[in-house]
Amino acid sequence: MPSVTDLIERLESDAAAARPKESTPDVGVIMGSDSDLDTMQGAFDALDALGFAEQTDHADPPEGRFSYESYVVSAHRTPDLLYAYAETAEARGLDVVVAGAGGKSADLPNMTASIAFPLPVIGVPVQEKSVDSVIGMPTGAPITAVDAGKSYNAALSAAQILAREHPEVRERLVELHDERREGVGDVSAALHDLGVAGFRER
Ligand code: RP5
């Protein structure tokens, strides 16, 4: 397996390759630990639902125009990897980063936002106790953030940013929104028409 130093070199070399935007990931999803993966799964679910593919090799894009990548980047255990990820993000073709971290000192999202500026970063506090440290940025150093655990919404927000430039992403967002609306109609009618007991048994 590659070492942290190898990963840093990989990021720098991908940035230097200056590949066309169509072949690089559009959304970067990073998290402070693989123990965050279950919470961050919502981001992947949303991106999958929107038709994004996962890109696992920067030099070998998947089918389809839109893709995302994922890495574990620990602000405290690998600050050099954090710096390299954030500093190369724009040159590697990313348009937006979703960054999740837990604990009381959840520094990955806000440090990524500081270093990657002006690239937008959407922070996901992995736990309730992480909220203050994710949203607490000083004036002039912005981050957008969602509520604790709401990684699905973070990915939707990332797609909203992309949708300003890409009508296909906008269209898919509207479709997904409509599907969610119809889902409420389905359960509402089922609850009423089957009754509570019947609804629970269906
Ligand atoms: C944070 O510390 C991570 O984002 C994670 O939520 C938390 C605990 O990490 P592990 O000790 O499980 O690796 O940096």
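This is a predicted model: local features need pLDDT of at least 70, side-chain atom pairs count only at pLDDT 80 or more; totals for chains, interfaces and linings use all residues.

Biologist: At what angle do H2 and H6 pack?

Modeller: The angle is about 40°, and the axes are 6 Å apart. Angles under 35 degrees would count as roughly parallel, so H2 and H6 are oblique to each other. The crossing of H2 past H6 is right-handed.

Biologist: And H6 with H7, is that crossing left-handed or right-handed?

Modeller: H6 passes H7 in a left-handed crossing. On the H6 side the contact is made by Tyr152, Leu156, Ala159, Gln160, Leu162 and Ala163, and on the H7 side by Pro167, Val169, Arg170, Leu173, Leu176 and Arg180. Those residues are nine nonpolar, one polar and two charged.

Biologist: How far apart are the axes of H6 and H7?

Modeller: They are 7 Å apart, with an angle of about 140° between H6 (residues 151-163) and H7 (residues 167-201). That makes H6 oblique to H7, because roughly antiparallel starts over 145 degrees.

Biologist: Let's move to H3. Which of its residues are buried?

Modeller: H3 covers residues 79-88, and its buried residues are Leu81, Leu82, Ala84, Tyr85, Ala86 and Thr88.

Biologist: What covers the buried residues of H3?

Modeller: The cover includes the helices H1 and H4 (108-116), along with the strands E1, E3 (67-72) and E4 (96-101).

Biologist: H1 is in there. At roughly what angle do H1 and H3 cross?

Modeller: Roughly 10°, and their axes come within 9 Å. H1 and H3 are therefore roughly parallel to each other. In H1, Val4, Leu7, Ile8, Leu11, Glu12 and Ala15 meet Asp80, Leu81, Ala84, Tyr85 and Thr88 in H3. The contact of H1 with H3 has eight nonpolar residues, one polar and two charged.

Biologist: Now the loop between H1 and E1. Is aspartate 26 buried or exposed?

Modeller: Aspartate 26 sits in that loop, and it is buried because its relative accessible area is 0%. Its side chain makes a polar contact of 3.1 Å with the side chain of arginine 65. Beyond four places in sequence, aspartate 26 touches several residues, among them Lys21, Phe52, Phe66, Gly93, Asp95 and Leu162.

Biologist: Where is serine 23?

Modeller: Serine 23 is in the loop between H1 and E1 too. With 15% relative accessibility, serine 23 counts as buried. Leaving aside neighbours within four places in sequence, its contacts are Gln55, His58 and Pro61. Serine 23 and serine 67 are 44 residues apart in sequence, and their C-alpha atoms are 8.7 Å apart.

Biologist: What about alanine 18, buried or exposed?

Modeller: Alanine 18 counts as exposed, at 55% relative accessibility. This residue is in the loop between H1 and E1 as well. Alanine 18 has a positive phi of about 45° although it is not a glycine. Most residues other than glycine have a negative phi.

Biologist: Which residues does a cis peptide bond join?

Modeller: Phenylalanine 117 and proline 118, with omega at about 15°. Proline 118 is in the loop between H4 and E5 (121-125).

Biologist: How far is histidine 177 from phenylalanine 117 in space?

Modeller: Their C-alpha atoms are 30 Å apart, and the two residues are 60 apart in sequence. Histidine 177 is in H7, and at 60% relative accessibility histidine 177 counts as exposed.

Biologist: Last one: which side chain does serine 33 join in a polar contact?

Modeller: That would be the side chain of serine 35, at 2.9 Å. Serine 33 lies in the loop between E1 (27-31) and H2 (37-49), and counts as buried at 15% relative accessibility. Not counting residues up to four places away in sequence, serine 33 touches Val72 and Arg77.

Methods. Residues are numbered from 1 along each chain as its sequence is written. Side-chain values use heavy atoms; hydrogens and water are left out. Axes are lines fitted to C-alpha atoms, for helices over the stretch in contact, and angles run from 0 to 180 degrees between N-to-C directions. Helices (H or I, at least four residues) and strands (E, at least two) are DSSP runs, numbered from the N terminus. Angles under 35 degrees count as roughly parallel, over 145 as roughly antiparallel, 65 to 115 as roughly perpendicular and the rest as oblique. A crossing is left-handed if the near helix is turned anticlockwise from the far one by less than a right angle, and right-handed if clockwise. Contact means heavy atoms within 4.5 Å. Ala, Val, Leu, Ile, Met, Phe, Trp, Tyr, Cys and Pro count as nonpolar, Asp, Glu, Lys and Arg as charged, and the others, Gly among them, as polar. Buried means under 20% relative accessible area, exposed over 50%, partly exposed in between (1.4 Å probe, protein chains only). A polar contact is a pair of N or O atoms within 3.5 Å; within protein, one must be able to donate a hydrogen and the other to accept it, and residues adjacent in sequence count only if both atoms are side-chain atoms.
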